[in-house]
Amino acid sequence: MKKPGKLTLANLPTPLQRLPRLSAQLGVNLLLKRDDLTGAALSGNKVRKLEYSFAEAERQGANVILTTGGVQSNHCRATAIVARQRGLEVGLLLRTADGKAPGSLDGNYLLNALIGADLRHITPAQYGDRNALLEAWAREHSEAGRRPYVIPEGASNALGSLGYVDMALELAAQLGEAPWAGEHIDLIAHACGSGGTAAGLAVGRAQAQLDCAHHVYVVCDDAPTFQARIDGIIAEMVERFAEDGEPLHAPFEVIDEYKGIGYALSTPEELSFIAEIARLEGIFLDPVYTGKALFGLVKDVQAGRIEQGSTVLFVHTGGIFGLFPARDLLAAATIRP
Ligand SMILES: Cc1ncc(COP(=O)(O)O)c(C=O)c1O
């Protein structure tokens, strides 16, 4: 692929590890790709994408970065942190239930406030016009003599998604070396919220010749919506970055059965599952993305949709700060007498 230059922001390669006790319970060989360990405060899947987004922003001479997401968006928090690490200003357009600032500083929002991001709050209805609102905000900055650069929701455009093409290549290299040489992955699975991770991995698996199934567990909307979104990102990636004759992308399956009661809303069963995995394996999932996706994967194994004895790689895409705003619900669902 003709990939543009990128910054080095993430601690790579992220480790691969086994989940021995969950594997024994389920009858599959479960591996974890620890993309929650791309950094500490700057952690999770967004860091890989932002390596490309910020490189382009800096090539264009930007001095203000603008992006958008939900009030507890991991992407917005990661963008704010990278901006400060690069000495740039940052503005976040955040969706809240009533379009007002939340009453307390918590989770990702606390980190955004500490870092001094310029925060604007919008309603869910206004969020439908987020791209136009970001462009209008960028115009305000331009008129004031600054040089804005807009990163879309989740950095899930063709450029940002290249971060997950690189992840597929990184994984293929890990599987070719000790201690993983000879391990064959039958299925890769991960959470999906804006489609970039899925699109990048679909293209990257073709590039890296990773011959396996690919389950994309969506946490909102529905499968047809995300299929169209991911297909759109892939088409743009191919148009912008593919060389003649390159394999385009490997197939993937979008699954919307486990999004539960809505985006960033959790059932007691999902929250108990998060606690169960923490107790069993010492791994923290998050309530919005990874908790739902791994929960879905486990249900699919239990329902016989994933063959016993197969090797399944779950990509842990991060999100730990999302646990803190959910503390009361987690306590109610999980604390044992
Ligand atoms: C922790 C976490 N996991 C998964 C995702 C989904 O990734 P994508 O937006 O690339 O679909 C996100 C963001 O949306 C996230 O913050």
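Is Asp221, with its 16 C-beta neighbours inside 10 Å, buried, partly exposed or exposed? The model is predicted.

1. **Domains.** The chain splits into two domains. Domain 1 covers 16-44 + 156-334, and domain 2 covers 46-155. Their centres, taken over C-alpha atoms, are 24 Å apart. Domain 1 puts 26 residues into the contact, and domain 2 puts in 23.

2. **Domain 1 side of the contact.** Which helix gives the most to the side of domain 1 that touches domain 2? Helix α7, residues 158-175, does, with eight residues. By class, that side of domain 1 has 15 polar residues, 10 nonpolar and one charged.

3. **Ligand shell: who is there.** The shell around the ligand has 20 residues. Asn74, Gly193, Tyr289, Thr317 and Gly319 come nearest. Three elements, α3, β7 (187-192) and α8 (196-208), each supply at least two residues of the shell. α8 gives the most, with three residues.

4. The shell divides into 15 polar residues, four nonpolar and one charged. The shell draws at least three residues from each of domain 1 and domain 2.

5. β4, α4 and β5 make a β-α-β unit, and the unit is right-handed. In which sense do β4 and β5 pair, parallel or antiparallel? They pair in the parallel sense, over five bridges. Within this pairing, Gly91 stands opposite Asp118 in β5.

6. **Helix α4 in that unit.** Helix α4 spans residues 107-114. Its buried residues are Gly107, Asn108, Tyr109 and Asn112. What covers them includes α3 (74-85), β4 (89-95) and β5 (118-122). So the cover of α4 includes both strands of its own β-α-β unit. Just after α4, Gly116 takes a positive phi of about 75 degrees.

7. Two residues other than glycine deserve a look.
   - Ala155 has phi near 50 degrees, a positive value in a non-glycine residue. Its place is the loop between β6 (148-150) and α7. Ala155 counts as buried because it has 28 C-beta neighbours inside 10 Å.
   - Asp221 is not a glycine either, and its phi is positive at about 50 degrees. Asp221 lies in the loop between β8 (213-218) and α9 (223-241). Here is the answer to the opening question: with 16 C-beta neighbours inside 10 Å, Asp221 counts as partly exposed.

8. **Cis peptide bonds.** Two bonds ahead of prolines are worth checking.
   - The peptide bond from Leu12 to Pro13 is cis, with omega near -5 degrees. Pro13 sits in the segment before β1 (16-18).
   - Ala178 and Pro179 are also joined by a cis peptide bond, with omega about 0 degrees. Pro179 lies in the loop between α7 and β7.

9. **Tyr258.** Tyr258 is found in the loop between β9 (253-255) and α10 (268-281). Why does Tyr258 count as buried? Because 20 C-beta neighbours lie inside 10 Å. The threshold for a buried residue is 20 or more. Leaving aside neighbours within four places in sequence, Tyr258 is in contact with Tyr217, Lys292, Phe295, Gly296 and Lys299. For a distance reference, take Ser43. Ser43 and Tyr258 are 215 residues apart along the chain, and their C-alpha atoms are separated by 24 Å.

10. **Ala136.** Where does Ala136 lie? Its place is in helix α6, residues 130-143. Ala136 is exposed, because 10 other C-beta atoms lie within 10 Å. Ala136 and Arg86 are 50 residues apart in sequence. In space, C-alpha to C-alpha, Ala136 and Arg86 are 24 Å apart.

Key: Residues numbered from 1 in each chain as written. Predicted model: local features only at pLDDT ≥ 70, side-chain atom pairs only at ≥ 80, totals over all residues. Domains from an automatic or database assignment. Contact = placed C-beta atoms within 7 Å. Helix = DSSP H or I, 4+ residues; strand = E, 2+ residues; numbered from the N terminus. Nonpolar A, V, L, I, M, F, W, Y, C, P; charged D, E, K, R; others polar. Buried ≥ 20, exposed ≤ 12 C-beta atoms within 10 Å, placed from the backbone. Near = placed C-beta within 6 Å. Pairing = 2+ DSSP bridges. Right-handed = clockwise from strand over helix to strand, strands pointing away.
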